[in-house]
Amino acid sequence: MGFLGFLDTEIPCHITSEVKEKQMALIRLNFYSESLTDSTAAYIVAPVEKCRKGSYPVCVLLPPLGDNYTQWQRHTDLDLLAERRGCMVVCPDLRLSCGMNMKYGLRFYDMLQREIPQLLRTYFPADTERMTVCGFREGAYTAAYLAFCMPRQYRKAVMISCGSLTDEDVTADARFENIWGDAGEDGWLETYDLKSLYTRNSVHPDVAVIYGTEDRYARSAGCLGEFIQKMNPENQRIHVEKLPGRIEWNDCQGILDRALI
């Protein structure tokens, strides 16, 4: 483990890396976040020998609510994803935030949209103008929120098993109240609803919405997918896929292989 110091950024970090048999470096990045006023971590998988480029597009993978940055690495083959796509894979830690600037908590959205790209540009040959973001369950909501807010940076959003959480009955869950505050406040729906956010921008990312009929958030996923298709009837870069049953972690590898084409 080596301390890399400040270099061209004011974000100090520690990096631990391991070069695996497939010639992919699995990197654990520990850094202090000014947005969070706390230390946090992320996993990064970077091509070493297989895909030599001057810079690499970035795929950001976001976990469900309450899961940490290790979940995607535990349940999917990130090496294979990085090799096939010729990209860097980044898995940040979101804790219980849904990647938002929490009403009663920390500013995770600021960390995601400002500090993560800055770290990637500083320490790695990352092309942060060609980013894809993918999330599972509540992480899918975060993925779309990021891409809809910054479509010129996030070229594609892949949503697995979730749509706009504002279409779900989650107001009784204290975790969401900590994230969003009172759903009755003025401007609440306009701030957090993905459909409202999508219509406010003239530039849109490519979108894939993939969900199972028995997923917890199947209703919101179907609703958002139908809405985006109606908004873009001629757009071949909008993909909505409804699968039978419930999508689990062991289904995510195959979904990524299809959705990230």
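## Close-up legends

**View A. The sulfur of Cys-162 lies 7.8 Å from the closest cysteine sulfur, that of Cys-98, which is too far for a bond.** Cys-162 is buried, at 0% relative accessibility (buried is under 20% relative accessible area, exposed over 50%, partly exposed in between; 1.4 Å probe, protein chains only). Cys-252 is in no disulfide either: the nearest cysteine sulfur, in Cys-134, is 7.4 Å away. Cys-252 is also buried, with 0% of relative accessible area. Across the whole structure, the search finds zero disulfides (cysteine sulfur pairs within 2.5 Å). This is a predicted model, so local features need pLDDT of at least 70 and side-chain atom pairs pLDDT 80 or more, while totals for chains, interfaces and linings use all residues. Residues are numbered from 1 along each chain as its sequence is written, and side-chain values use heavy atoms, without hydrogens or water.

**View B. Trp-72 and Trp-249 belong to a set of twelve aromatic pairs in the structure.** Helices (H or I, at least four residues) and strands (E, at least two) are DSSP runs, numbered from the N terminus. Trp-72 is buried at 1% relative accessibility. Trp-249 is buried at 11%.

**View C. Tyr-109 and Tyr-145 pair edge-to-face.** The ring centres are 5.7 Å apart, and the planes stand at 90°. Tyr-109 is in helix 3 (residues 108–123) and Tyr-145 in helix 4 (residues 138–149), so the pair ties together parts 36 residues apart in sequence. Tyr-109 is buried at 15% relative accessibility; Tyr-145 is buried at 11%. Ring pairs join both tyrosines to Tyr-141, Phe-176, Trp-180, Trp-188 and Tyr-192 in a cluster.

**View D. The largest nonpolar core holds 62 residues.** A core is a set of buried Ala, Val, Leu, Ile, Met, Phe, Trp, Tyr and Cys residues joined through side-chain atoms within 4.5 Å. Leu-120, Val-133, Tyr-141, Phe-148, Phe-176 and Trp-180 touch the most other members. Apart from this core lies another, of 28 residues, including Leu-26, Cys-91, Ala-208 and Leu-260. Leaving out residues up to four places away in sequence, Val-133 touches residues including Val-60, Leu-62, Leu-146 and Tyr-154 (heavy atoms within 4.5 Å). In the whole chain, 57% of the 261 residues are buried.

**View E. Arg-84 forms a salt bridge with Asp-257.** The closest N and O atoms are 3.0 Å apart (a salt bridge is a Lys or Arg side-chain nitrogen within 4 Å of an Asp or Glu carboxyl oxygen). Arg-84 lies in helix 2 (residues 78–85) and Asp-257 in helix 9, so the pair ties together parts 173 residues apart in sequence. Arg-84 is exposed at 54% relative accessibility; Asp-257 is partly exposed at 30%.

View F. Lys-230 is exposed at 62%, and Glu-226 is partly exposed at 43%. The structure holds 14 salt bridges. Elsewhere, Arg-137, Arg-246 and Glu-248 are linked in a salt-bridge network.

Methods: Phe/Tyr/Trp six-rings, centres within 6.5 Å; stacked < 30°, edge-to-face > 60°.
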